[in-house]
Amino acid sequence: MKGRFYSILIVLLASAMILAACGGETQKVRVATDATWPPFEYVDEQTKAIVGFDIDLMNAIAKEGGFEVEYINVPWDSLLAGMAQCQYDLAISAMTITEERKQSFAFSEPYFAAGQVVTVQASNTDITGKDSLAGKKVGAQNGTTGDIEIQKMANVQRVPYDDIGLAFQDLLNGQIDAVVADNPLALGYVGQNPDKLKTVGEVFTDEYYGIAVCKTNTDLLAKVNKGLAAVQKAGLIEKLTDQWLKSGQ
Amino acid sequence: MDKQPSGSEQIKELVKIPGVEPSARLDPWWWLVVLVIASVALLVLLIPDPYRRIYTFVLDGVYVTIGVTIVAFLFILIVGMIGGLGRLSKNKLIYGFFTLYVEIIRGIPILVQLIWWYYAFPVVIQGIGRALNIQALIGYQANAVAMAILGLVVCYGAYMSEIYRAGIQSIPKGQMEAARSLGMTYFQAMRYVILPQAIRIILPPVGNEFIALLKDSSLVSAVAVADLTRRGREFMAATFQPLPTWIMVALLYLIMTLFSARIVGWIEKKTKFER
Amino acid sequence: MAEEPIIQIKNVHKRFGAVEALRGVSLDVYRGEVVVIIGPSGSGKSTLLRCINRLEEYDEGQIIVDGIPLDSAQNINAVRREVGMVFQSFNLFMHMTALENLILAQQVVRKRSRAEAQEIAYNLLVKVGIPEKANAYPIQLSGGQQQRVAIARALAMNPKIMLFDEPTSALDPEMIKEVLDVMLNLAQEGMTMVVVSHEMGFARAAANRALLMDGGLIIEEAAPDVLFTNPKHERTREFLSKVLH
């Protein structure tokens, strides 16, 4: 009886280990992305596929660079942590190149110029730009460059969120006074709520998106840059900007 | 040899003792489940934009949530039993190991544990592979769902061990003594006498753990598993509609937890016996 | 020619922490004998009984049951099959009916088929006088009925020895007789019994020997009539004067 008990146990443990082992081996390049940041990456409602500016760009680069990719949809915090551990080979996720991030992983050449912008309620007349945020409650997604900018501002009440959508929801509800986020993303939210939200002031940072690459994989970095250069030369960035950023969702 | 009516035949003729009759009336709380399901149906039918869109989009996440929870829970029940028995063991090594397990796991938040399993554990495996020069281990990549389930099992297993232990300890010592004095081994006594009684006693807290697990399963969204919560996030991001999305997601979780609570209640009633 | 005693207890000592419960007890019980042990609480009589089927482990001395010394763990389940025990608090398995209580150990320990076990079980319930309660759960039985089922459960294993640890002490007065009647019947059939009990009537009717224990030692030992009416030791007299009223 004792023997039967233990043999069932062993079978269960073995199946658990087999389950853990399989489904993981592949020779494709693993690309992480947080598909909750339209129009750069998001999940298509009908097909459940990950789509967006970044996805199209990455597919084109892979073709030029001569490698295959598979996408892994991971939340932002986990993505940053995973890249630092080289759990993924690449990450493309509207990620701004910063000195700090360069310490954890390598970046490709920049592929897009963006910047942070302030969004407020349409009826707001107090806030006209980043300089009039003193004493206000300002939200951003935790760990993004928008968040970092807020922390640099004096006398501003920073409100971090796990998800940028929640920040905008709070703004709509009047719980916070403003949101700082990437320009293209902010425009998307304003576009969805034209009578309720507006952007104010200039785009106030110079930021460039880059593709994150596992630090030790210099081979892959070279391939990515080669592919990126080729598609830039062919005018792909302009084409994608037209497709994804000008015509709205 | 003339056979008298055998004992078993005579038994069949015995008048059945009227036992404790379980209430034939339906538990009224089932109506709450019906109410929530009706709310979801109304939203989907009457306000299809956005509710029907949300519903169709997150539906596969619902299946993932249910699947992850059920599979994890089955293993948790097993780990809990082993852990509970281990914590009651007279063998110092076994007792020490399981006590250490429970103390450590209960001291670390579950989200941190899940992240560890998905991100740190493969690094450990790869390190072992490099040290022992086993190719298969060096290239080890974690399967997200498997790691998520593993993390949930290890974490909840610790709490479940304590539940089992308390249940077993609440069985009067005399039960074990009677079983042993009849010549049963420790394991036979456990299997036929102690555990059947203990399991009925711990059904309420075990049921609670299942419902808690259903909700905590939302944490697997942090480790690349497309469960209900993650699907909610993705939809919300793609369509800029946080409020309706989260209303629908909350209602769906509510249906699952309320339904589970009713099932647990029903099981409790069916297996009740007076002590 | 004297046969070997079926229970041999030789100079047994048992400590619980700092307290010495048994201080050198020796006793021989022969097959078919009925021995009753009386004494004040704390005298060690229950401890002695529980040492016989090793529910307690003695620290010094030796106990040999049916030719098997109790020292090594290997033997213990084999010994327990042959020694039935009836407890003060009945200890019926609450999640099983009376019949199932009797069947379980037969199947699991004696490896009998379910049909065979069921038949033996039913006949035993007839023997203890409550066949109609076969499908009742312990909670539905009175104390006296539960104890009779407990006796039947122990008998289902066909033991060579039956131990009784204050079997009627937890019963309401009107139910004591029905249990003692079963025990008396058992004694008359020739079962070897060691009974810890205050029931003098039973001792007089069924026992070959009665012992008084006090402070972890056997103080006096005699035929029940002699012990109760004409004890030799002061402590025996003292105890009896408190108990007999």
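Me: How many helices and how many strands are there in chain B?

Reply: Happy to start there. Helices (H or I, at least four residues) and strands (E, at least two) are DSSP runs, numbered from the N terminus. In this predicted model, local features need pLDDT of at least 70 and side-chain atom pairs count only at pLDDT 80 or more, while totals for chains, interfaces and linings use all residues. Residues are numbered from 1 along each chain as written, chains are lettered from A and ligands numbered from 1 in the order written, and side-chain values use heavy atoms, leaving out hydrogens and water. Chain B has 11 helices and 0 strands.

Me: What percentage of the residues in chain B is buried?

Reply: A residue is buried under 20% relative accessible area, exposed over 50%, and partly exposed in between (1.4 Å probe, protein chains only). In chain B, 49% of the 275 residues are buried. As for its contacts (heavy atoms within 4.5 Å), take those in chain B with a separation of 6 or more: residues 24 or more positions apart account for 77% of them.

Me: Which two chains share the most contacts?

Reply: Chains A and B do, out of 2 pairs of chains in contact. Chain A and chain C are joined by no contact, and their closest C-alpha atoms lie 10 Å apart.

Me: How is the size of an interface often given?

Reply: Often as the accessible area lost when the parts come together. Here, buried area is the accessible area (1.4 Å probe) that two parts lose on being put together, summed over both. Between chain A and chain B about 3500 Å² is buried, with carbon and sulfur atoms giving 62%. That interface brings 44 residues of chain A into contact with 35 residues of chain B.

Me: How many salt bridges cross the interface of chain A and chain B?

Reply: A salt bridge puts a side-chain nitrogen of Lys or Arg within 4 Å of a carboxyl oxygen of Asp or Glu. The rule finds 4 of them across the interface of chain A and chain B. One pairs B:R233 with A:D163, their closest N and O atoms being 3.5 Å apart.

Me: What does the interface of chain C and chain B look like in those terms?

Reply: There, 34 residues of chain C are in contact with 29 residues of chain B. The area buried between these two chains is about 2800 Å², and carbon and sulfur atoms give 63% of it. C:M94, C:H95 and C:Y122 supply 21% of the area that chain C buries against chain B, more than any other three residues. The count of salt bridges is 1: B:E177 with C:R50, where the closest N and O atoms are 2.7 Å apart.

Me: Why do residues three or four places apart in an α-helix point the same way?

Reply: An α-helix has 3.6 residues a turn, so residues at that spacing point the same way. Now look at helix α9 (residues 234-243) of chain C, where C:T236, C:F239 and C:L240 are buried. They lie on the same side of α9(C) because they cover an arc of only 95° around the axis, taken from the directions from the helix axis to the C-beta atoms. The face turned away from that buried side carries the exposed residues C:E234, C:S241 and C:K242.

Me: Which elements do the buried residues of α9(C) pack against?

Reply: They pack against β3 (34-38), α7 (200-206), β9 (209-214), β10 (217-222) and α8 (224-229) of chain C.
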